[in-house]
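Colleague: I am new to this model. Please take one part of it and look at that closely, then show me how the rest is laid out.

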Amino acid sequence: MTAAPARSRAVTALLVAPAAVFFVFLLIVPLMVVVVFSFGERAPAGGYSPAFTFDNYLNLAARGKAFVNTLTLAPLATLLTAIFAFPMAYFLAVKVDPKWRVMLLVLVMAPFWTSQLLRYYAWIMLLGGKGIPAWLAYIGIADVRIINTPWAVLIGAVYGFLPLMVPPIYVSLEKLDKRLLEASADLGATPIRTFFQVTLPLALPGVATGSMLVFILLMGDYILPQYLGGGKVFFIGNALVDLFLQSRNWPFGAAVSVALVAIMFVTIFFYMRFVLGKTGTRRAALV
Amino acid sequence: MEHPVIEFRNVTKRFGEVAAVVENNLAVKAGEFLSILGPSGCGKTTSLRMMAGFEQPSEGEVFIRGENMTGVPAYKRPVNMVFQHYALFPHLSVSDNVSYGLRQRSPKPSLAELAREVTEALAMVRLDGYESRRSYELSGGQQQRVALARALINRPAVLLLDEPLAALDRKLRREMQIELQNLQRDVGITFLLVTHDQEEALSMSDRVCVMREGRIVQSGSPRELYDKPVSRYVADFVGKSNFFAGPTKDTVISVRPELVEIAANEAVLPEGLSAHYSVKVLNRIFLGENTEYRVANDTLGEFMVLTPRKSERSSGTFEIGDTASTGWRPEAALVLAAT
Ligand SMILES: Nc1ncnc2c1ncn2[C@@H]1O[C@H](COP(=O)(O)OP(=O)(O)OP(=O)(O)O)[C@@H](O)[C@H]1O
Ligand SMILES: [Mg+2]
C-alpha cells in the first residue's frame, strides 16, 4: 500500500468527521436515550425511573386518536400541498420570463419572513366565526365551521408548507429538457398528454423530495394542530407535548416517540422505493 | 402534377430584427432524399422547425401534402423530426420511446400490435432485442437509431433530420450516412436532411438545396450543383474550387482543382487545353488516392491542383520548388456570379 491512498483516506475522514460527530451526538445518542426511556417507568413525581417493561408500548392505544389524526391528515395535507405547489412551480419554471423568476421565487418564500405564530393567528381570524364562515353566511351558506376542524389544519398545512414544496418541484421542472416536450408534440401528443407522459414523470423526483420534506415536518408538528385544530384536532406532536410537559410521563412519551420515528421510517422507506423504483436510476443518469 | 409533400410559399421568419428565413419557396418532392445545405446560422433549423410546427412563419404559408398547414400545431402535423441531440425520453425504455407516436393515436393500437411494430422498427435500424434498454444505456450511434425508429414507425409524410449525424465520430458518421440512404430507399419515406457538411449532402441526397442567409440560392442534383454552380458561393460551398478574376467586375472564373492538368512541361500536357500556365510548386499534400498541389503562376496567382494517383505514372510527381506546366480544358472554366 502506498502513502497516497492512506493520505486521501485521512483527508476523507477529516471531511466526514463534523457530519459524523453531529450525526452521533445529536441523532444517535438522543435516539438511544429515548429508546431506553421507553422501557422505563414514570417516577412517582414524574420523569423517568429505570425499569424494563413493555407497558408503555402496550399502552400506545391510549393515544390512538393522535396517531389516527396524524396518519390521515399528514399524508392528505402533503398531497394537497403538492397539488397546489405543482402549478406554481410549473408556471415559474416554464412560463415566466427568466428575468422575473428569482423575484417570484422569493415571493413564494416571503411568508417565511413573518413569524409562524403570527401567520397562524391570521388564519384563526380568517377561518374563525367572524371570518370566512361569516362571509359564507352572508351569501346564504350558513353554519359552516372551519376553525378547530380538520379542514382548518389542512388549509393551514397547505399554506404553511407550500414554500417548502415549490422549490424542489421548480428545480426539477427547470432542469427538464424542453426539447423533450417538442419531441412529444412532434410524435402527436396533445399538450395535455405531453404533460402527463413527459412533464409530470420527469418532475416526479422533485415532487418526491418536496413531499418527503413536508410529510416529515407535518408528522412531527404540534403548533399547527394546536392553533388551527384548537385542541380538538391533535397530532402525535401534541400528545408528546402533553406527556413530557404536562403529565410528565417521560417513559410513555418516549414510547410514543419511538412509535412515531418507526412509522416515519417505514413510510419513507416504502415511499422512496415506490418513487425511486421507477425514477431513481434515471435520475442518476440525468444529473 | 403531384403536390410537393412540403412546400414553403414565400415564407419569411423573423426573430425581432433577425430574418432567419427570407422569401423562401422550398419544395420537397414525394419520395426524394433532399438535403438543405448551408453554413451555420443560415436558417436551416428554423426552416425545419416551421415544417414541424414548432415555429410559425412571420409571412407566407406552409403546405403539407397540398394542405395549408400554416398555424397548425406540431402534434397535428403528419411529419416527424429526428432531433440533433435525439431527445429520447429518459424515463421510458427503448420500446416505449419507439412506440410513443403510435400510442398517441386514437384508437390506441393493441399491445400486441405495438410490440410487433416496435420489433419491426427496431429491426429496421438494426437494434433487434434492445426493447427493454433505457436510452441512457445506449451509445450515441444507438440512440440515433432509436430516434430514427421512433420517427419512422409513424410513417410520416416527411422525415425531418436536423444535423442528425453531427454528434457522431467520423467513422460512425460515414456508416450512418450509408445506412440512412439505404433506409430511405427501403421505407420509401421522403427524407429532408439539414446539414452544413457538403460531403454529407452530396453523398446522400437525390437533391440538394443550398441556402444562404435564409434564401435558397440553388437546388439540384449533387452533380448539377457540383458541375454547374450558379455562383461563387455555391461553387465554394459545394466542393473546392479555384477562383480567378472574371471577364467583368461581378464575375469570377471557377476551375475545379481536379480539372487542372499538370505536367513537367507544356509538351507532355494533354491536347485540347485552352491555355498553358507555367507554375512553381509551393506545397504538396498527399491525400492517399489523390495528391493536392498548391502552385503559383505570375498572372493567375496561387491555385490548387488535384491529381489522382493513377495519373502519376504518366505525369510523374512534383517536389516543392519544381516548375511545371498546367492548363485546363475550356469547359472546365466556369464564369460565375461573384457573389
Ligand atoms: N428562437 C430564436 N430567437 C432569436 N433568434 C433566433 C432564434 N432561432 C434562430 N434564430 C436566429 O436565426 C438565424 C438562423 O438560425 P438557425 O438556427 O435556423 O440556423 P442554422 O442554419 O440551423 O444554423 P446551424 O447550422 O448553426 O444550426 C440565426 O441568426 C439565429 O441566431
Ligand atoms: Mg441548426
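Modeller: One definition comes first. A residue is buried under 20% relative accessible area, exposed over 50%, and partly exposed in between, using a 1.4 Å probe and the protein chains only. The model is predicted, so local features need pLDDT of at least 70 and side-chain atom pairs pLDDT 80 or more, while totals for chains, interfaces and linings use all residues. Residues count from 1 along each chain as its sequence is written, chains are lettered from A and ligands numbered from 1 in written order, and side-chain values use heavy atoms, without hydrogens or water.

The part to look at is the site of ligand 1. Its shell holds residues with a heavy atom within 4 Å. Phe15(B), Val18(B), Ala20(B) and Pro39(B) belong to it.

Thr46(B) places a polar side-chain atom 2.5 Å from an oxygen of ligand 1. For Thr45(B), a polar side-chain atom lies 2.6 Å from a ligand oxygen. Cys42(B) uses its backbone: an N or O atom there is 3.2 Å from an oxygen of ligand 1. Alone, ligand 1 would expose 630 Å², and the protein buries 60% of that. Such areas follow the Shrake-Rupley method with a 1.4 Å probe; for residues, only the protein chains shown count as cover.

Two elements give two or more residues to this shell: β2 (18-24) and α1 (44-52) of chain B. Helices here are DSSP runs of H or I with at least four residues, strands are runs of E with at least two, and both are numbered from the N terminus. The largest share, three residues, comes from α1(B).

Why is α1(B) largely enclosed by the rest of the structure? Eight of its nine residues are buried. Lys44(B) and Thr46(B) are among the buried ones. Ser47(B), Leu48(B), Arg49(B), Met50(B), Met51(B) and Ala52(B) are buried too. Just after the helix, Gly53(B) takes a positive phi of about 100 degrees.

Strand β2 of chain B also holds Glu23(B). Glu23(B) is not a glycine, yet its phi is positive, about 35 degrees. Its relative accessible area is 48%, so Glu23(B) is partly exposed. Most residues other than glycine have a negative phi, and most peptide bonds are trans.

Chain B has another such residue. Glu213(B) has a positive phi of about 45 degrees and is not a glycine. Glu213(B) sits in the loop between β10 (207-212) and β11 (215-220). At 58% relative accessibility, Glu213(B) is exposed. Chain B also has a cis peptide bond, from Ser106(B) to Pro107(B), with omega near 0 degrees. Pro107(B) lies in the loop between α2 (94-103) and α3 (111-124).

Step back to chain B as a whole. Chain B has nine helices and 19 strands. Its C-alpha atoms fill a box of roughly 75 × 45 × 35 Å along the principal axes. Of its 339 residues, 50% are buried. Its accessible surface is about 15900 Å², and 48% of that belongs to carbon and sulfur atoms.

Chain A is built from 12 helices and two strands. Its C-alpha box is roughly 85 × 75 × 35 Å along the principal axes. Of the 287 residues in chain A, 39% are buried. The accessible surface comes to about 16000 Å², with 75% on carbon and sulfur atoms.

Thr78(A) is in helix α3 (residues 64-95). Thr78(A) is buried, at 7% relative accessibility. Its side chain reaches the backbone oxygen of Ala74(A) at 2.7 Å. Leaving out residues up to four places away in sequence, Thr78(A) touches Met165(A), Ser211(A), Val214(A), Phe215(A) and Leu218(A). Touching means heavy atoms within 4.5 Å. Lys232(A) lies in the loop between α10 (223-228) and α11 (236-246). With a relative accessible area of 55%, Lys232(A) is exposed.

Methods. A polar contact is a pair of N or O atoms within 3.5 Å; within protein, one must be able to donate a hydrogen and the other to accept it, and residues adjacent in sequence count only if both atoms are side-chain atoms.
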